[in-house]
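Hello,

Here is the structure I promised to pass on. My notes on it follow below, and I hope they are handy when you open the file.

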Amino acid sequence: IALSSAFGQLACSLMDWPAVRIAEDSIWYKPAGGTPVSYHQDAPYIAHQFVPAQNNSVTLWLALDDVSLETGTIEYAAGSHLWGLRENHTNDAEIASTKVGDTVFHTPTSYYRSTMLSAAEKHGVSNPSVVSVEIPAGSIAIHHQDTWHGSGPNVHPSRPRRSLGVHLVRADVKFKKNDVGYIYGRYKLLNSEDLLEDFFPIIYSKDGYRSPFLTSYCNDQLVK
């Protein structure tokens, strides 16, 4: 699923990219009683590990269960991709290395929307509109790298909230020269800024190209 050319085609269509690579994929599991995830932007963790950094990544969020506000679905601050990057996101490598997996991020001790509300205030938005994505299993939400998003607690007594996240980057990006965070830095070769298709395969391109090795184990309905 994560390597589907349909995902790549969707990203290229929305972003007007000629081709797209997969950067990473994740399974997100929030059990009944699961805690919130703080609002954040993906750009410091993903987009800013590469150049050019602007408009180079999107995330596809595939619901594996019917999701609702009750089960802690993903939420977006409408229009927040236009607010710019959070001011204290100055050291992308440090952020990418320490913030994604820490307990403050995944089990916040303060209100989970507080970082987003602070960013909105700095942008002059006093009452940001929050969109809770309530969709059936098998549906997809997609967001831009600068979109503020998070999720509330799962207050349902028994139902988990499971989802697949697929992070895609435009195919022509390069690694930045220095300070690449641990998530992607392990795949950066010495004295090279190139992304190898072995690690970051091209899953779709408008000219029909797709990393050849994918056909050996990935049945894809768009590939003839």
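Let me start with strand β4, which is covered on both faces: Ser57, Thr59, Trp61 and Ala63 on one side, and Val58, Leu60 and Leu62 on the other, are all buried (under 20% relative accessible area with a 1.4 Å probe, protein chains only; exposed is over 50%, partly exposed in between). Helices (H or I, at least four residues) and strands (E, at least two) are DSSP runs, numbered from the N terminus.

Before going on: this is a predicted model, where local features need pLDDT of at least 70 and side-chain atom pairs count only at pLDDT 80 or more, while totals for chains, interfaces and linings use all residues. Residues are numbered from 1 along each chain as its sequence is written, and side-chain values use heavy atoms, leaving out hydrogens and water.

β4 has two antiparallel partners (pairing takes at least two DSSP bridges). With β9 (residues 161-170) it forms seven bridges, and Thr59 faces His167 there. With β7 (residues 140-144) there are five bridges, and Leu62 sits opposite Ile140.

Now to helix α4 (residues 114-122), whose buried residues are Met116, Ala119 and Ala120. Seen down the axis, they fall within an arc of 100 degrees, so they line one face of the helix (the arc is taken from the directions from the axis to the C-beta atoms). Glu121 and Lys122, on the other side of α4, are exposed. After the helix comes Gly124, with a positive phi near 85 degrees.

Best wishes
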